[in-house]
Amino acid sequence: MNSIEKAELLYGYDKYVPFRCSDELCAIMDELLHSNIGVGNLDLSLRDISSQQVIQLGKAFLVNRFDLHNVRIIPEQSEKNIIKLKNLNFNFAVLCRLFSKRVSPFAIPIDYKFDDYYSGGVVLYDIGEDINALKKMKLYYQKIILSRRNTIINASSYVHEIVHTQVDGKGSVLDSKNSEVLSIFMELLFLYDLDSNNFLSYIGLINRVAYMLHCYLIVKENSSLKSYEELKNNYYYSKYLVSTLKAINIFYKYINSNSLIRNEIDSSIQLVFNGQMSIDDFLSLFDINIEEGLKVVKEIHFC
Ligand SMILES: [Zn+2]
């Protein structure tokens, strides 16, 4: 089983359809590449905050808007016992269920270890490659990784990762290329909410666009798809390329809408969190797609 097949089973994605860059997409991305987007020239002056504030700010933003559901974690102290019993031929899926704990997503342990100020990630407990187990099992969280630089951007990464815990799982994302949309959108909205001058969301946006361009170059380099390596790169990086475009599309739609539309978007996101609507349906409901995303990105003035 390769890592794409494993992700399809674990997350319940549809079979992966490789991404091909259209001429229009290439033209717009190439233009953006020439404009040298990056935060290098900005005076960031990002104030240090405490790690407690990182968590509090991210949590307050999310719980004020949504009802979040609990998630399953495997406590670190249980891992040894699971392995011991598994080696005695106990059923692994049953062991994971037995030793797992249902906790608030804010109780997932956090490891502050990235050196740059904007990276983040969620680590799942590895449940191996047994097809039936993968199909049946829920996601078991081990930890969230954030930057050791505690600024407001780290809090936006925390929002991003917590949104993953509410979305990832069987049936909520059909096309894996959409799996980052809500996390990126919420991360931008969090920054926008904190700062009416838009400076913070602008930094967030530039970080995202810069990473999107990096992903675009890799997807383009890996477009022949002759080897599994190329397919894997296409799979991994097109997710950020496609999701960023759609997230920027929904972000601008949201901030330019009246409260009625905003409430509608929020309640649809709640349905996605509840597992009652797929992200794919959410996106078509609000006419969010790559073409619209490209139009929006073209209009943004990156100075
Ligand atoms: Zn993500």
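Let me start with a contact between two helices: R208, Y211, M212, C215, Y216, I218 and V219 in α9 meet N233, N234, Y237, S238, Y240, L241 and T244 in α10. By class, that contact has nine nonpolar, four polar and one charged residues. Before I go on, please keep in mind that this is a predicted model.

How are these two helices placed? Helix α9 covers residues 199-221 and helix α10 covers residues 228-255. They pack at an angle of about 145°, and their axes are 8 Å apart. The crossing of α9 and α10 is left-handed.

On spacing along a helix, there is a general point to remember. An α-helix has 3.6 residues a turn, so residues three or four places apart point the same way. You can look at the contact list again with that in mind.

Now a second pair. Helix α2, residues 23-34, packs with helix α13, residues 290-299, at an angle of about 20°. The axes of α2 and α13 are 11 Å apart. Angles under 35 degrees count as roughly parallel, and so α2 is roughly parallel to α13. The crossing in which α2 passes α13 is left-handed. Which residues make the contact of α2 with α13? From α2 they are E24, L25 and I28, and from α13 they are L294, V297 and K298. Sorted by class, this contact has four nonpolar, no polar and two charged residues.

Next, the whole chain. The protein has 13 helices and five strands. Its radius of gyration is 20 Å, close to the 19 Å that the globule rule gives for 303 residues, so the protein is as compact as a globular protein of that length. Along the principal axes, the C-alpha trace spans about 60 × 50 × 40 Å. Of the 303 residues, 33% are buried. As for contacts between residues at least 6 apart in sequence, 79% join residues at least 24 apart.

Is helix α4 buried or in the open? This helix takes in residues 76-87, which is twelve residues. The number of them that are buried is zero, so α4 lies largely in the open. After α4 comes N89, and the phi of N89 is positive, near 75°.

Last, two loops. D48 is found in the loop between α2 and α3, where α3 is residues 51-65. R149 lies in the loop between β5, residues 140-147, and α7, residues 152-167. D48 and R149 are 101 residues apart along the chain, and their C-alpha atoms are separated by 7.5 Å. The C-alpha atoms of R149 and I49, 100 residues apart along the chain, are separated by 8.8 Å.

What does each of these loop residues touch? Leaving aside neighbours within four places in sequence, D48 is in contact with N150 and T151. With neighbours up to four places away in sequence again not counted, R149 touches Y117 and N154.

And how exposed are they? D48 has 10 of them, so D48 is exposed. R149 has 16 C-beta neighbours inside 10 Å, so R149 counts as partly exposed.

To go back over the helix pairs: α9 and α10 pack at about 145°, while α2 and α13 pack at about 20°. That is what I have for today.

Methods: Residues numbered from 1 in each chain as written. Predicted model: local features only at pLDDT ≥ 70, side-chain atom pairs only at ≥ 80, totals over all residues. Axes fitted to C-alpha atoms, helices over the stretch in contact; angles between N-to-C directions. Helix = DSSP H or I, 4+ residues; strand = E, 2+ residues; numbered from the N terminus. Parallel < 35°, antiparallel > 145°, perpendicular 65-115°, else oblique. Left-handed = near helix turned anticlockwise from the far one by under 90°. Contact = placed C-beta atoms within 7 Å. Nonpolar A, V, L, I, M, F, W, Y, C, P; charged D, E, K, R; others polar. Buried ≥ 20, exposed ≤ 12 C-beta atoms within 10 Å, placed from the backbone. Rg over C-alpha atoms; globule rule 2.2 N^0.38 Å.
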